[in-house]
Amino acid sequence: MSYLNTIARPLTHAALAAGLAFVLSAGTASAQAYPTRPITLVVAFAPGGLSDIPARILATELQQRIGQSVVVENRTGASGVVGATSVLRAEPDGYTLLVNALADTQNLHYINVPYSAVNDFELIGKIADGPPLVLMVPNATPYKSVADIVADAKANPKKVSFASSGPATSPAIAITQLNALAGTEIVDVPYRGSGAAAQSLLSGEVQGSFVFMSTARQYHDDHRARAIAVAQPKRFPAWPDLPTMAEQGFAGFDHGGFVGLAAPAKTPKEIVAFLNKHLNEALASPDLRKRFAALGMTVPDAAQNTPENFKAFMAKETARQGELAKLTKQQQKPN
């Protein structure tokens, strides 16, 4: 064996090892480089809404942790479908994310939706639970309990009306559920959004409404309307003297919203893990938790707030909303 052959073989092995190390380090460096530019959180509903406000609070906390700007962009329309579709079609690079919400588990049961909210996105984690719905009545009404409302509705069929924020929204679904359980014919009066529905309640144009807690508490404390019951299984910790629908004889009411974070399908798992980690760190902020509590929202436990658990939650909630949709469709059938 020549001197050149003797020295060449170890050099060849060294070169191969160096090449492999370069490839591996390049892949690691690529993952570590994210993010290198601003991230957009797409909110599929209007500014100031139940998805928008927590998204903006979260954006401030996130950008402090990841060293890049996090901006919120509202892309509204079709009960959230427009915004979600835009994220569905975005590059799966972690720079365009969806702030998903309860509507994503409801829509497919009522309208044509060009995607699966569970399977066509990479689900990152939940941002918050809530706020729950609260059954409210104008101060001028004599109602002090759910039983009072039901008694009046039975004595006067189709004379008692509730305001809702539109067909297939949580307030409208809650009205349908109450009618199904109580055997009443409370009329759903749909408005274009929760703001208009609330004004109808306050003015006394309707006899009641299911209102999200963030608004309901303000109306109750200001003595502009009266809270009757919270539409969730347990009493809300920040409003412990408000009884549940179940305590008043109507079990099964669980109308609490949620907001979460999702990315386009095929977003690299490393990026999803990065975002989940920093999401949970942001949610640990005492300031964020305080601001969420004021909205009637609670922060998920970090140990349980994984992409896998969020996907399981979305699938379960979608199925539950499907069962509620059947009640709506049954009541819409002509007598």
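Predicted model: local features only at pLDDT ≥ 70, side-chain atom pairs only at ≥ 80, totals over all residues.
The largest pocket has a volume of about 1100 Å³. Its lining comprises 47 residues. F45, L50, S165, S194 and F212 lie nearest the pocket centre. Several elements give two or more residues to this lining, among them helix 2 (52-66), strand 4 (121-138), helix 6 (170-182) and helix 7 (194-203). Strand 7 (208-212), helix 8 (213-221) and strand 9 (256-264) also contribute at this level, as does helix 4 (103-106). The lining of the largest pocket holds 26 nonpolar and 21 polar residues, but no charged ones.

One cavity of 30 Å³ or more was counted. The volume of the largest cavity is about 30 Å³. A44, F45, G80, A84, L98, V99, N100, A101 and D104 line the cavity. Strand 3 (residues 96-101) supplies the largest share, four residues. By class, the cavity lining has six nonpolar residues, two polar and one charged.

Most peptide bonds are trans, and most residues other than glycine have a negative phi. Exceptions to both patterns were found. The Y34 to P35 peptide bond is cis, with omega near -5°. P35 sits in the loop between helix 1 (3-33) and strand 1 (39-43). G130 and P131 are also joined by a cis peptide bond, with omega about 0°. P131 belongs to strand 4.

K158 lies in the loop between helix 5 (146-155) and strand 5 (161-164). Its relative accessibility is 54%, over the 50% cut-off, so K158 counts as exposed. A168 lies in the loop between strand 5 and helix 6. At 24% relative accessibility, A168 is partly exposed.

Technical notes:
Residues numbered from 1 in each chain as written. Heavy atoms only, no water. 1 Å grid on protein atoms, 1.4 Å probe; cavity = no way out; pocket = protein on both sides within 12 Å on 5 of 7 lines; lining within 4 Å. Points joined across faces, edges and corners; volume = space filled by probe spheres on them. Nonpolar A, V, L, I, M, F, W, Y, C, P; charged D, E, K, R; others polar. Buried < 20%, exposed > 50% of the residue type's maximum accessible area, 1.4 Å probe, protein only.
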